[in-house]
Amino acid sequence: FPSHDSRALVSFGLHSHVHRSYQAMTIEEITSDLQQNISYLTEDGIPFVQAFAYPYGKRPKNKAMLKLMKDQMKSAGIVAAFRIGNRLNRSISDAYELQRLDIRGTDTPEDFRKKLTGRAKMFF
């Protein structure tokens, strides 16, 4: 597709630099990981969406550390973060706690539609 702008075909978001569970990392490690992830894409001129998908869907359980991490994300310009929850977001009270649906290559169009409407039975 030489005549197509690659930005029209693919969008990149943030997903960590070292791909470790944020639940098992210190706030210093998380901050460094975020900075490395952003720097790598920026330095290579790769445009990206200011959204983050937690590796393995995990983030700190400790409330104080969770708040520090979200503050670091906000400071870095990240506007949203996605967990694994396999639920639809009926409302959004915290943009850093968005649930993701598990969409698989084996899902049929009907499976996909059911997941989007919240009528799918998901066993994971």
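**Figure 1. The buried side of helix α2 in the predicted model.** Five residues of α2 are buried: Met65, Leu66, Met69, Lys70 and Met73. They cover an arc of only 140° around the axis, so they sit on the same side of α2. The cover over these residues includes α1, β1 (51-53) and β2 (80-84). The face turned away from the buried side carries Ala64, Lys67, Lys74 and Ser75, which are exposed.

**Figure 2. The length and ends of α2.** The helix has 13 residues. From its first C-alpha to its last, α2 reaches 18 Å, close to the 18 Å expected at 1.5 Å a residue. At the start of α2, a side-chain oxygen of asparagine 62 comes to within 3.0 Å of the backbone nitrogen of alanine 64. Glycine 77 follows the helix, and its phi is positive, near 90°.

**Figure 3. Lysine 70, a residue of helix α2.** Is lysine 70 buried or exposed? Lysine 70 has a relative accessible area of 14%. The cut-off for buried is under 20%, so lysine 70 counts as buried. Which residues does lysine 70 touch, leaving out those up to four places away in sequence? The contacts are Asp94, Tyr96 and Glu97.

**Figure 4. Methionine 73 and its contacts.** Methionine 73 is another of the buried residues of α2. Leaving out residues up to four places away in sequence, methionine 73 touches Leu34, Phe52, Tyr54, Ile78, Ala81 and Tyr96.

**Figure 5. The largest nonpolar core.** This core holds 18 residues. Those that touch the most other members are Tyr22, Phe52, Tyr54, Met69, Met73 and Ile78. Two elements give two or more residues to the core: α1 (27-43) and α2 (63-75). Helix α1 gives the most, with five residues. Nonpolar side chains tend to be buried together in soluble globular proteins. Met69 and Met73 are also on the list of buried residues of α2.

**Figure 6. Valine 49 in the loop between α1 and β1.** Valine 49 has 44% relative accessibility and counts as partly exposed. Which residues does valine 49 touch, leaving out those up to four places away in sequence? They are Ser11, Phe12, Gly13 and Leu14. Valine 49 and leucine 14 are 35 residues apart in sequence. In space, they are 7.4 Å apart, C-alpha to C-alpha.

**Figure 7. Phenylalanine 112 in helix α3.** Helix α3 covers residues 109-117. The relative accessibility of phenylalanine 112 is 38%, so this residue counts as partly exposed. Phenylalanine 112 and leucine 101 are 11 residues apart in sequence. Their C-alpha atoms are 9.7 Å apart in space.

Figure 8. From the N terminus on, the elements run α-β-α-β-β-α. The chain has 124 residues, and 30% of them count as buried. Among contacts with a separation of 6 or more, 54% join residues 24 or more positions apart. The accessible surface comes to about 8500 Å². Carbon and sulfur atoms account for 55% of that surface.

Notes:
Residues numbered from 1 in each chain as written. Predicted model: local features only at pLDDT ≥ 70, side-chain atom pairs only at ≥ 80, totals over all residues. Heavy atoms only, no water. Core = buried A, V, L, I, M, F, W, Y, C linked by side-chain atoms within 4.5 Å. Buried < 20%, exposed > 50% of the residue type's maximum accessible area, 1.4 Å probe, protein only. Helix = DSSP H or I, 4+ residues; strand = E, 2+ residues; numbered from the N terminus. Contact = heavy atoms within 4.5 Å. Expected span 1.5 Å × (residues − 1). Arc of directions from axis to C-beta. Polar contact = N/O pair within 3.5 Å; in protein donor to acceptor, adjacent residues only side chain to side chain. Areas by Shrake-Rupley, 256 points an atom, 1.4 Å probe, with all protein chains shown as cover.
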